[in-house]
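Reader: I'm new to this one. Could you walk me through it, feature by feature?

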Amino acid sequence: QVQLVESGGGLVQAGGSLRLSCAASGRVLQINFMAWYRQAPGEERELVASIKNGGYTNYADSVKGRFTISNRFTGSKDNATLYLQMNSLKPEDTAVYYCKATTYGELDYWGQGTQVTVSS
């Protein structure tokens, strides 16, 4: 089992920055892949950025050059944190942002989401 808890969302003006965090606990060493998704009202959930074990990252075209995904393992086998640094935010970035972890056994775990609102 893996537990995920997001934080760091909020209200920011266009052009501003936010950093989202996703605290992962439990069987962290079984995680092979982590990602941030977002879902705006009336829209489907979409992949924003992902990171694989080994550090390979991938970004949606809409956020390339503005968002940075990273992760940090504390040294404890049971804890890790996923980050999403978001710069130059735009109103169209407004959404609920979700953290996802996928294990080597291809099990998916999701956080509860954190709201990001960008005002124009």
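This is a predicted model: local features need pLDDT of at least 70, side-chain atom pairs count only at pLDDT 80 or more; totals for chains, interfaces and linings use all residues.

Reader: Let's start with strand pairing; which residue in β3 is the bridge partner of Ser7?

Author: Ser7 has Ser21 of β3 as its bridge partner. Strands here are DSSP runs of E of at least two residues, numbered from the N terminus, and two strands pair if DSSP finds at least two bridges between them. Residues are numbered from 1 along each chain as its sequence is written, and side-chain values use heavy atoms, with hydrogens and water left out.

Reader: How many bridges does β3 have with β8?

Author: Eight, again antiparallel. One of the partners there is Asn79 in β8, facing Ser25.

Reader: And which strands does β4 pair with?

Author: β4 pairs with β9 through eight antiparallel bridges, and Arg38 stands opposite Tyr97 of β9. β4 also joins β5 (residues 46-52), antiparallel, through six bridges, with Met34 partnered by Ile51 in β5. A hairpin is formed by β4 and β5, with six residues between them, and Gly42 in the turn has a positive phi of about 80°.

Reader: Why is β4 called largely enclosed?

Author: Look at burial: buried means under 20% relative accessible area, exposed over 50%, and partly exposed in between (1.4 Å probe, protein chains only). Seven of the nine residues of β4 (residues 31-39) are buried, so the rest of the structure largely encloses this strand.

Reader: How should I read a disulfide, and which residues form one here?

Author: A disulfide is a covalent bond between the sulfur atoms of two cysteines. The cut-off used is a pair of cysteine sulfur atoms within 2.5 Å, and the count by this rule is one. Cys22 and Cys99 form the disulfide, with sulfur atoms 2.1 Å apart. The pair links distant parts of the chain: Cys22 sits in β3 (residues 18-26) and Cys99 in β9 (residues 95-103), 77 residues apart. The link is left-handed, with -75° about the S-S bond, and Cys22 and Cys99 are both buried.

Reader: What about the nonpolar core; which residues touch the most other members?

Author: In soluble globular proteins, nonpolar side chains tend to be buried together. A nonpolar core here is a set of buried Ala, Val, Leu, Ile, Met, Phe, Trp, Tyr and Cys residues joined through side-chain atoms within 4.5 Å. The largest such core has 31 residues, and Leu4, Met34, Trp36, Leu84, Met86 and Tyr97 touch the most other members. Elements giving two or more residues to this core include β1 (2-7), β7 (67-73), β8 (79-86) and β11 (114-119). Leu84 is in contact (heavy atoms within 4.5 Å) with residues including Leu18, Trp36, Val48, Phe67 and Tyr97, leaving aside neighbours within four places in sequence.

Reader: Now charges: how many salt bridges are there in the whole structure?

Author: Side chains of opposite charge can pair when their charged atoms come close. The rule for a salt bridge is a side-chain nitrogen of Lys or Arg within 4 Å of a carboxyl oxygen of Asp or Glu, and a search of the whole structure finds five. Arg38 and Asp93 meet in one of them at 3.0 Å, N to O. That pair links distant parts of the chain, 55 residues apart, with Arg38 in β4 and Asp93 in the loop between β8 and β9. Asp93 also meets Arg66 in a salt bridge, at 2.8 Å, N to O. Arg66 lies in the loop between β6 (57-59) and β7, 27 residues from Asp93. Arg38, Glu46, Arg66 and Asp93 are linked in a network of salt bridges.

Reader: Which residue does Lys100 meet in a salt bridge?

Author: Asp108, at 4.0 Å, N to O. Lys100 is buried at 9% relative accessible area, whereas Asp108 is partly exposed at 44%.

How values were computed
Helices (H or I, at least four residues) and strands (E, at least two) are DSSP runs, numbered from the N terminus.
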